[in-house]
Amino acid sequence: MMDRRFFSLGVGALVLSACGSNNVAAPAAKPRVQSVPNAGWDAWVDGFKARASGQGISQSTINTAFRGAGYLPIVIERDRNQTEFKRTLEDYLAIAASDERIATGKQMLGRYSSLLSQLEARYGVPPQIVLAIWGLESRYGARRGDIPVISALSTLAYDGRRGAFFEKQLVAALKILQNGDTTPANMTGSWAGAMGHTQFIPTSYLAYAVDFTGDGRRDIWSDDPTDALASAAAYLQRSGWVRGQTWGGEVGSAAARSATPVSVIQPQKPGPQFAVFKNFSVIKRYNNSDSYALGVGHLADRIAGGGPLKTPFGPDVNGLTLNDRKELQTRLTKAGYDTGGADGVIGSKSKAAISSYQGANGLTVTGEPSVALLQRLRG
């Protein structure tokens, strides 16, 4: 079975680099996503409309969906410029289970306790797991995507690099519109067509989305996250979630001792070992990545009141521990060089702050953290 989303999702794609929101509000005002004239896209769309009609899409749906749609260069730009990198598990978990994301998750646990209890009763998936997926996928609804899905998918299908896949997603998106679940104007998402609070691509939406509110629409785009959270729970249930069983836990923890694990993994050395159960593999059906599944599991545990991991990861290649990197960021910010927060993850803002500090203090500009730099900042 194809993963829910065909592309690899690292921390950046999961919008994990930003802090959690305290409220599930509508996304910020949408920036203008400019389409441009493209005769090749126009011709491709004309041919596609005939193919879509042959797959049961009504002419009315096709006309409505493509009214105002256009070729989006920004989509191709983002497709071409996907950064190929791997964060360490330590960095991944530091962002996935940041203090802000944990705190917001706990708030949402209280706010949606009744709904989450209903979802657990029906689908067997614990509230904290549903919340963790929501937190990782869209920052609890704060980042649902603002690009028109019909324009994005048709642009990618026309481009042809993965044309067959995107055309399949485009047909599925038209079926969603034909079913009346949403409108073209409301059908927005990521540059690659992942939609709503829980970031379903159209084919996964058709297969797993549910109408939990009973209003006749499976609305994962609404400010009300009910259908989206139910859809995520339904996805996990349909993927084989074992009711009453944990995902796993750090070796030595109570969760890890609850039953015989499927396996023990240690993605980063030195670092903690994790005993994982079948439900760990089920989470990976949502996104086929050990780091993602560990991020969901660990964030879920923290939302439910669990503590941090007990086994340290050890110093990084620069000789700095996570706490060292947090201190470095804190001291740089205090000195007037904004790192964008102190999560211990040295991203682009932290590197820019380091470069600025180095340049202003007559140091060789590398943008890289070091023990010497931390000692200098300590004064």
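User: In this predicted model, why is Thr-155 called buried?

Analyst: Its relative accessibility is 0%. Buried means under 20%, so Thr-155 counts as buried. Thr-155 sits in helix α8, residues 149-159.

User: Which residues does Thr-155 touch, leaving out those up to four places away in sequence?

Analyst: Thr-155 touches Trp-41, Gly-70, Tyr-71, Leu-72, Val-75 and Ile-76. With Leu-72 there is also a polar approach: a polar side-chain atom of Thr-155 lies 3.0 Å from the backbone nitrogen of Leu-72.

User: What makes Asp-159 partly exposed?

Analyst: Asp-159 is also found in helix α8. Its relative accessible area is 26%. Buried needs under 20% and exposed needs over 50%.

User: How many aromatic pairs does the structure hold?

Analyst: The structure holds 14 aromatic pairs. One of them is Tyr-235 with Tyr-286.

User: Why is the pair of Tyr-235 and Tyr-286 called edge-to-face?

Analyst: The ring centres are 5.1 Å apart. Pairing requires centres within 6.5 Å, so the two rings pair. Their planes stand at 70°. Over 60 degrees counts as edge-to-face, so that is the class of this pair.

User: What does the pair of Tyr-235 and Tyr-286 tie together?

Analyst: Tyr-235 lies in helix α11 and Tyr-286 in helix α12. The pair therefore ties together parts that are 51 residues apart in sequence. Ring pairs also link Phe-200, Tyr-208, Tyr-235 and Tyr-286 into a cluster.

User: Are Tyr-235 and Tyr-286 buried or exposed?

Analyst: Tyr-235 has a relative accessible area of 0%. Tyr-286 has 0% as well. The cut-off for buried is under 20%, so Tyr-235 is buried, and so is Tyr-286.

User: What makes α7 mostly covered?

Analyst: Of its 12 residues, 11 are buried. Among them are Pro-127, Ile-129, Trp-134 and Glu-137. The buried residues pack against α4, α5, α6, α11, α12 and α13. Just after α7, Arg-139 takes a positive phi of about 55°.

User: Where does the predictor's confidence stay under 50?

Analyst: pLDDT stays under 50 over residues 5-31. For that stretch the model has 74 contacts beyond four places in sequence. The protein chain averages a pLDDT of 91, and 91% of the residues score at least 70.

User: Which residues does UniProt list for "domain: Peptidoglycan binding-like"?

Analyst: The unreviewed UniProt entry lists residues 323-377. In the model, that span is 58% helix and 0% strand. Its end C-alpha atoms lie 15 Å apart.

Conventions. Residues numbered from 1 in each chain as written. Predicted model: local features only at pLDDT ≥ 70, side-chain atom pairs only at ≥ 80, totals over all residues. Heavy atoms only, no water. Buried < 20%, exposed > 50% of the residue type's maximum accessible area, 1.4 Å probe, protein only. Helix = DSSP H or I, 4+ residues; strand = E, 2+ residues; numbered from the N terminus. Contact = heavy atoms within 4.5 Å. pLDDT = per-residue confidence, 0-100. UniProt positions renumbered as here; feature names shortened; annotations may be inferred. Phe/Tyr/Trp six-rings, centres within 6.5 Å; stacked < 30°, edge-to-face > 60°. Polar contact = N/O pair within 3.5 Å; in protein donor to acceptor, adjacent residues only side chain to side chain.
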